[in-house]
Amino acid sequence: MAGRRSGSWLAGSWLAGSWLAGSRLAGSWLGRAAVLVAAPFVIGATGLTSNADLRLLASHNRERTALGIPPLRWDPELAAGARQWANRLVRNGTFHHAPENIAQPQGENLWAGTRGAFAVEAMVGAWVRERRYFKPGAFPNNSVTGHVADVDHYTQVMWRDTRAVGCAIARGAQEDVLVCRYSQAGNYIGERPF
């Protein structure tokens, strides 16, 4: 498992090393599931959003590395921009994408849900679950349903030319809002996501 996830935060960790490597669970789906479930607790998470930046990055990279796509790195500048936008959405009680910056394009995924009810893995997981509607091909013809909106979060998470991500969570009175920004942006018409 550590070999398959060599670019992920699990590589070289206690989880990927001594505890799991010598067990029969190391290569099984049960072993992988055990690592994914236990990881937030082992790295010190005590709440649904504790260590959010590490866990958000790991949630993105788990799916990417499973398909052989290079892992993303955390970008503090993207995270700062995501924080500003997430705070604005919460402050204004709105939910929409930021205006596009033509000079420096960034990809963006948004998520909102009941305040305090979702772990960061579930937030990113909502985007990753769109893979069930994904079909290979040139964007935007990637959805088996015929609706690009059914896969466009997933394609941004997986976009082959994207190398960096930065995310932020803002807490409203009733909702948490997650904004993730990506560089290089994805979802370009006529290009293959991966």
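1. Let's start with S59: this residue is buried, at a relative accessible area of 6%. Buried here means under 20% relative accessible area, exposed means over 50%, and partly exposed is in between, using a 1.4 Å probe and protein chains only. S59 sits in helix α3, residues 52–66. Helices are DSSP runs of H or I with at least four residues, strands are runs of E with at least two, and both are numbered from the N terminus. Once you set aside neighbours within four places in sequence, S59 is in contact (heavy atoms within 4.5 Å) with E121 and V124.

2. A quick word on what you're looking at: this is a predicted model, where local features need pLDDT of at least 70 and side-chain atom pairs count only at pLDDT 80 or more, while totals for chains, interfaces and linings use all residues. Residues are numbered from 1 along each chain as its sequence is written, and side-chain values use heavy atoms, with hydrogens and water left out.

3. Now the sheet. It is open, has four strands in the order β1-β3-β4-β2, and its pairing is mixed; two strands pair if DSSP finds at least two bridges between them. β2 and β4 run antiparallel and are joined by eight bridges. For G113, the bridge partner in β4 is D176.

4. Next, the helices against that sheet. Helix α4 (residues 76–92) packs on it, touching β1, β2, β3 and β4, and its direction makes about 30° with that of β3. The helix that holds S59, α3, lies across β1, β3 and β4, at about 130° to β3. Axes are lines fitted to C-alpha atoms, for helices over the stretch in contact, and angles run from 0 to 180 degrees between N-to-C directions.

5. Finally, the aromatic rings. Rings of Phe, Tyr and Trp (its six-membered ring) pair if their centres lie within 6.5 Å; planes under 30 degrees apart are stacked, over 60 edge-to-face, and the rest tilted. The count is five aromatic pairs. F134 and F194 are stacked, 5.0 Å centre to centre with 20° between the planes. F134 is in the loop between α5 (120–128) and α6 (152–158) and F194 in the segment after β4 (175–183), so this pair ties together parts 60 residues apart in sequence. F134 is buried at 16%, whereas F194 is partly exposed at 33%. Ring pairs also link F134, Y154 and F194 into a cluster.
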